[in-house]
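Thank you all for coming. Please have a look at the sequence and the model on the screen, and then I will take you through a few local features.

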Amino acid sequence: MGVMRRFLRHAAMLLAALAAATPAFADPPPETPVRDDGLISGYWFASPETRAIQDDEFSNPGLLYVDRGALRWREPDGAAEKSCASCHDDGVETMAGVGATYPKVDEASGALINLGERVNMCRVRHMDAKPLETESEPLLDLTAYIMHQSQGMPMAVTIDGPAAPFFEHGQALYNQRVGQMDLACTMCHDQRVGHYLRAEHISQGHLNGFPTYMMRWGTMASPHRRFQFCNEQARAEPLPINHPDYNALELYIAWRGNGLEIETPAVRR
Ligand code: HEC
Ligand code: HEC
């Protein structure tokens with residue numbers, strides 16, 4: 001089948017899936033907590049099977065990353081022969097609540113950075129070590145470990161002061177129609193929440209479970225890898241991981257979920 005025909009078929013299927021306006025579903029399930037702020041964790045849009053895997057500490061594969069992260073935390077690396085623990089002691093205390101505030105403006109550079117970039121900054125600035133590759137297991141181990149120390153705490157990013165211009169940019173990106181399907185994030189994650197897109201329920205698109213274990217890939221994924229996947233699904237050109245636009249988008253999305261309890265490691269299909 002030619003590229004164009006395949007595209008048209010894909011486009012028609014996606015539009016048909018989105019147009020199925022009456023949500024013929026039972027999710028989010030009746031036990032979904034009703035909050036004054038109207039926020040619903042993506043957990044409640046996952047299938048009961050997937051939720052059960054997330055809930056079970058013996059079968060949640062994300063916890064392997066967290067456990068490895070705890071070990072890496074104490075492993076010296078780089079020319080300075082330091083480990084994360086050399087400066088941050090036991091991450092359980094020093095990192096409690098930290099992940100909830102990312103992405104955040106780095107004072108030294110003035111740039112908006114995500115948690116993975118923050119980890120690599122410490123490696124380069126403070127350990128004389130090489131940055132870890134984006135989406136690599138060691139980096140995901142550390143970000144999962146750090147985020148896990150905020151489990152149960154509310155998302156709490158700051159959007160004023162130096163973060164304000166990044167926030168505004170992120171908000172514009174969230175509402176901007178892109179790609180061959182001419183879809184904006186908001187058209188799915190606000191306007192079609194609860195509708196089926198193929199086998200999945202569209203959630204509010206929150207970040208409170210990230211990095212998240214993706215069963216389809218057999219690996220954890222950062223928020224940016226999820227954005228790439230959403231872009232691809234809507235036939236828009238994905239950006240590279242750590243692109244400033246994705247950081248701005250991440251700040252805006254994290255803010256939409258401010259107050260939502262962190263669940264890392266979440267599990268998704
Ligand atoms: C065509 C509809 C569609 C569009 C457009 C779309 N997404 Fe998604 N998105 C999905 C689906 C389906 C999922 C998987 C089910 C879920 O968790 O919502 C998802 C999942 C997510 C998640 C993970 C939520 C969780 O709890 O694990 C985030 C974050 C997200 N999208 C962000 C975005 C961003 C940012 C954009 C715009 C760049 C975007 N999406 C555009 C359909 C879409
Ligand atoms: C030599 C000391 C040192 C080492 C080693 C070090 N850090 Fe840091 N870290 C800092 C300092 C100092 C800051 C504050 C920001 C700055 O000055 O760079 C910081 C900030 C952070 C922050 C942000 C805290 C916040 O409140 O936003 C995180 C997360 C972090 N480090 C993680 C790590 C990880 C993970 C490692 C190991 C890979 C590590 N650090 C290794 C000194 C260190």
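Predicted model: local features only at pLDDT ≥ 70, side-chain atom pairs only at ≥ 80, totals over all residues.

Let me start with Ala172, which lies in helix H8, spanning residues 164-175; helices here are DSSP runs of H or I with at least four residues, strands are runs of E with at least two, and both are numbered from the N terminus. At 42% relative accessibility, Ala172 counts as partly exposed, where buried means under 20% relative accessible area, exposed means over 50%, and partly exposed lies in between, with a 1.4 Å probe and protein chains only. The C-alpha atom of Ala172 is separated by 9.5 Å from that of Ala248, although the two residues are 76 residues apart along the chain.

Residues are numbered from 1 along each chain as its sequence is written, chains are lettered from A and ligands numbered from 1 in the order in which they are written, and side-chain values use heavy atoms, with hydrogens and water left out.

Which residues coordinate the iron atom of ligand 1? They are His189, through NE2, and Cys230, through SG, at 2.0 to 2.3 Å. This pair links distant parts of the chain, since His189 sits in helix H9 (residues 185-189) and Cys230 in helix H10 (residues 223-233), 41 residues apart. Donors are N, O and S atoms within 2.8 Å of the metal (3.2 Å for Na, K and Ca), and because water is not among the atoms, sites may look incomplete. The iron site has six donor atoms with angles of 86 to 179° among them, and is octahedral, a label given to six donors if opposite ones are over 155 degrees apart and all others between 65 and 115. His189 is buried, at a relative accessible area of 19%, whereas Cys230 is partly exposed, at 30%.

Turning to the backbone, most residues other than glycine have a negative phi, and most peptide bonds are trans. Asp128, however, has a positive phi of about 55°; it is found in the loop between helix H6 (115-127) and helix H7 (137-148), and is exposed, with a relative accessible area of 54%. Glu135 is found in the loop between H6 and H7, and its phi is also positive, near 60°.

Finally, the peptide bond from Tyr102 to Pro103 is cis, with omega near 0°, and so is the one from Phe210 to Pro211, with omega near -10°.

Methods: Tetrahedral: all angles 85-135°; square planar, octahedral: opposite > 155°, others 65-115°.
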